[in-house]
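Please have your viewer open as you read.

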Amino acid sequence: MAFDYDLFVIGGGSGGVRAARLAASEAGAKVALAEEYRMGGTCVIRGCVPKKLMVFASAYKEQFEDARAYGWDVSEGGFNWETFHPKLTAELERLEGIYRNVLANAGVTTYDARATLKDAHTVALSTGETFTAKHILVAAGGHPFKPEMAGIEHTITSNEVFLWDKLPKSILIVGGGFIACEFACILHGLGVEVTQFYRGAQILRGFDDEARGHVAEQMKDRGVDLHVGTDVLEIKKVEGGLWVKCTNGTERVYEQVMFATGRVPNTAGMGLEEAGVKLGRKGEIVVDDYSQTSVPSIYAVGDVTDRINLTPVAIREGAAFVETVFKGNPTKPDHELVASAVFTQPELGTVGLTEEEAAEQEPIEVYAASFRAMQTLFAGRDDRVMMKLIVSQATRKVLGCHIVADNAGEMIQLAAIAVKMGATKEDFDRTVAVHPTMSEELVTMKTPTRTA
C-alpha cells in the first residue's frame, strides 16, 4: 500500500517536533505534523518557558531588598504587568516561529489543525482533510485537570495565567504539586496576595519528605498563606471575585481562583480506542519500552503516555522513536535517574531516590546539612539552604541528591551527572570544594546525619 506519509505526528510540542525533525532530516522520511493550538506545545507556550521568565521577574523584589542591604541606593517601584506581559508574549511568538522554521527547514509538512485517528494508518484533520501514514506518532501532551464541583467554571488553570491582561490583587491556588507551588511563589513575588490550599498533609507529594517540608516552611516564611489539610467545598461568583468556602469552615472572596490539581493526557475524542490503542486508567496511552502502542503502526511519546512528564524526557523519547523505527537501531528511552527542579522560591533540585524510597530498598546512610547562605545572611534574611545525599551502605553509591536553595536547578544538573555515573560518597569526598559556595557542602559532609 502506498501511504501519503512515512510518518504523521499528532502534536507540535517538544517530543513531536523532535521526532518529526529527526525523521525527516536524518532518516529521509516523508513527514507531516498537525498541531491544533500553537507550535511549541505546553513547554514553550504555556509551561516551562513563560513560567521561568515569570520566575525571573518575581525574584527581583527580594533582590532589590538585598541590594539595599549591600549598600546600593535602590528605589523600588511596583511591578508592572502591563510592561512585562507584552514582552513575554513577543518572546513566545519568537520561539514559536523558531519551531515552525525548524520543521520547515527539515522538510516537514505542517498542518494547523486538530488530528484524530480513523484507523491504524489514517489521520483525519479538522480541516476535512484525510491522510494515510505508514507510522503515526501521538505526541498530543496533556492539559490541566479541574474537579467537578459547583462554581468550577469560574476558576482558572495555569494556562490562563499567561493570558491575563492584568494581575489580580488576590488569588487562591488549589493544589500542592510543583505547578501550584511554583505559581504561588511567582505571584507572591509579583505582589499578588496568595493563599494556597492543599488537601494532603504536605505539599510536593513524591519528593523527599525533608526537602518538601523545607520548601513549605520557606514559602510560608516569605509570605505565601499556605494551608495543608485544606480543600475547597464551594465556589460562588460574587461582586469583586469568587466566594470560597473551605473544609476548615472559613469563607473568603478572592479575585481569582486557580486549580492546579494535576494534569491528564490529551487523549479524549481522538479515536484512539476505536483504532485499537489501549489506554490506561487516567486516559494515558499504554506503550512498551520502545514507545509502541498496542497497534504496531502507532507510537506515542511525551505527557500523553504519563511516564515521566518532563520536556527533556519527551525529547529523548522522540529521538529514541526515530532511532527505533526509521534508523533500524532499536533504542529504549532512558528513564532512570532523571533529574528535575521545582522553581519555587527557594528552588528544589532533585535526582535519584528520596530517603523514604531508598530506606525501603536497602540500608542507607543520610548526609544532610541546613545552613544560612552567605549572600542572604549578610542581607539579613533568614533563608536556609538544605543539602542532602542518600548513600547505599553496601555499595557506597549516592542513590539520591536533594537541594533546596536559590539556583538549586542549576546545581542539580551538575550533581546529576555524578549520580548517573554511579559516583560513591567517597568520590564526592575526594572532590575538593569550591569555596565559598553553597554547593561545596555536597563534598564536605563527612559524618552521616542518620542511618536507616
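## About the model

This is a predicted model, in which local features need pLDDT of at least 70, side-chain atom pairs count only at pLDDT 80 or more, and totals for chains, interfaces and linings use all residues. Residues are numbered from 1 along each chain as its sequence is written, and side-chain values use heavy atoms, leaving out hydrogens and water.

## Helix 3 and helix 4

The axes of helix 3 (residues 48–69) and helix 4 (residues 81–106) cross at roughly 150° and come within 10 Å. On the helix 3 side, the contact (heavy atoms within 4.5 Å) is made by Val49, Pro50, Leu53, Met54 and Ala57. Helix 4 brings Trp81, Phe84, Leu88, Glu91, Leu92 and Leu95.

## Aromatic pairs

Searching the whole structure gives 14 aromatic pairs, where ring centres of Phe, Tyr or Trp (its six-membered ring) lie within 6.5 Å, and planes under 30 degrees apart count as stacked, over 60 as edge-to-face and the rest as tilted. Phe8 and Phe131 are stacked, with 6.2 Å centre to centre and 25° between the planes. Phe8 lies in strand 1 (residues 5–10) and Phe131 in strand 6 (residues 130–138), 123 residues apart. Phe8 is buried at 0% relative accessible area, and Phe131 is buried at 13%; buried means under 20%, exposed over 50% and partly exposed in between, with a 1.4 Å probe and protein chains only.

Tyr60 and Phe64 have ring centres 6.2 Å apart and planes at 35°, so this pair is tilted. Tyr60 is partly exposed at 43%, and Phe64 is partly exposed at 33%.

Notes: Axes are lines fitted to C-alpha atoms, for helices over the stretch in contact, and angles run from 0 to 180 degrees between N-to-C directions. Helices (H or I, at least four residues) and strands (E, at least two) are DSSP runs, numbered from the N terminus.
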